[in-house]
Amino acid sequence: MRIITHTCPACRTVVSANELEVNRVMKCPGLGCDNVLRFEDLDQEEREFFLGHAEQYEL
Amino acid sequence: MKGVLLSGGTGSRLRPITHTGPKQLVPVANKPVLEYAIEDLKEAGITEIGVVLGNKGREAIQELLGDGSDYGVEITYIIQGNPLGLAHAAGCAKDFVGDDDFVMYLGDNILKQGISELVESFNRGNYGAGIALQEVDRPEQFGIADVDNEGNVTQLIEKPDDPPTNLALIGIYVFSNDVFDVIERLDPSWRGELEITDAIQALLEDGHDIDSHVVEGWWKDTGKPEDILETNRLVLEDSRLKQDGTVSEDATVEGQVDIRESATIQDGAVIRGPVSIAENTVIESGTYVGPYTSIGPNSTLESIHIENSVVIGDSTIRTNGKIIDSLLGRGANIGSAEEELPEGRRLVVGENSQLKL
């Protein structure tokens, strides 16, 4: 199963695509990091793959 | 080598304790379970640690561990979100791990002997993975490894009807970077999770050697209340305990007793170790704290007899009763109903609580 993540460029916290997709826009969960992370931070191909296989990433 | 410490999961078997916090922060001998894993990783020379967080208790874990500097390690957080399996958690750590090998450690596990030997054994060969094993009495209830004479794993079987060995997989693994390619090829199991045993089996089928290391000392998964009590007992038995707190002249303290600074044992109290008493806790006159008990911080005990129990902290217990084999959550208070009418016990009990009266 392809696992898609995004690494915050400010603090290196790693966030999975399912977490980004649920929140769409979120404050970086890294400690003391004020960066804002978006689902759109993923490459277009990664976003399309994730949305096309969303059932895999759900419980 | 890096470390990946899994700290997600719902902790459903530890309810109600986990209604208000993650299972990895439940204390054993007055130290959160997760800290034992950090110490094991550091002892094995691993100071770059990725902590994988799920949907529950993230802030509490981050508040405890911070950036890792209090422990002499460097922590990066990895947000897995939905608990899609151990192999999914490992896969989420791919960018953090980079080109290194890594130890994957389940954050609710505690080992007596640490992980240094497992890591050293892995480093001595050219392995796709190394797995920690332990001999168990009922192998049909575990994931079991079959190994050859040199300790190389030949097969993994989940809960076999006819187990070829009694060597069960415990929650600590070493992986080469090759595991990430294998995880990409896995499909979710019947329960919708990416299984780590499937990843190891796929490494085997790809022709990788898989090292094994049999853990000799005790190992505990602290997933249930009775596991917390047993692990507390094992850790207290093995600990070198010291008394930094205040013990009044007419208090009785016997055996190995850990009394933290600012804890007080007052006249007429009896402590029989092994016992741990945390900071700012007062054991008042007429109280007996018996073997294998840990009393957390900011608590007051009066008149109670308590044994083989864990009081997590911020509790006041003032009653003449006896408490044994019990796990009390943070802020749980117990008073006396002795002079109240009508006679009877008065309870305010949360969901999933278990009481024997």
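The contact between the two chains takes 24 residues from chain B and 20 residues from chain A, two residues being in contact if their C-beta atoms, placed from the backbone, lie within 7 Å. On the side of chain B that touches chain A, at least two residues each come from helix 2 (58-65), strand 5 (74-79), helix 3 (86-92), helix 4 (94-97) and helix 6 (179-185) of chain B. Helices (H or I, at least four residues) and strands (E, at least two) are DSSP runs, numbered from the N terminus. Strand 5 of chain B gives the most to this side, with four residues. By class, the side of chain B that touches chain A has 10 nonpolar, nine polar and five charged residues; here Ala, Val, Leu, Ile, Met, Phe, Trp, Tyr, Cys and Pro count as nonpolar, Asp, Glu, Lys and Arg as charged, and the others, Gly among them, as polar.

The model is predicted: local features need pLDDT of at least 70 and side-chain atom pairs count only at pLDDT 80 or more, while totals for chains, interfaces and linings use all residues. Residues are numbered from 1 along each chain as its sequence is written, with chains lettered from A and ligands numbered from 1 in the order in which they are written.

Strand 5 of chain B also pairs with strand 2 (residues 14-16) of chain A, in the parallel sense and over two bridges; pairing requires that DSSP finds at least two bridges between two strands. Within this pair, A:Val15 has B:Ile79 as its bridge partner.

Turning to chain B itself, five strands form an open sheet with parallel pairing, in the order 14-17-20-23-26. Strand 14 (246-247) and strand 26 (316-318) of chain B stand at the edges with a single partner strand each, so one side of each is left without a neighbour in the sheet. For strand 26 of chain B, three parallel bridges link it to strand 23 (residues 300-302) of chain B, and B:Glu302 is partnered there by B:Arg318.

B:Ile317 also lies in strand 26 of chain B. This residue is buried, with 23 other C-beta atoms within 10 Å; a residue is buried if 20 or more other C-beta atoms lie within 10 Å of its own, exposed if 12 or fewer, and partly exposed in between. Not counting residues up to four places away in sequence, B:Ile317 touches B:Leu301, B:Ile304 and B:Ile334.
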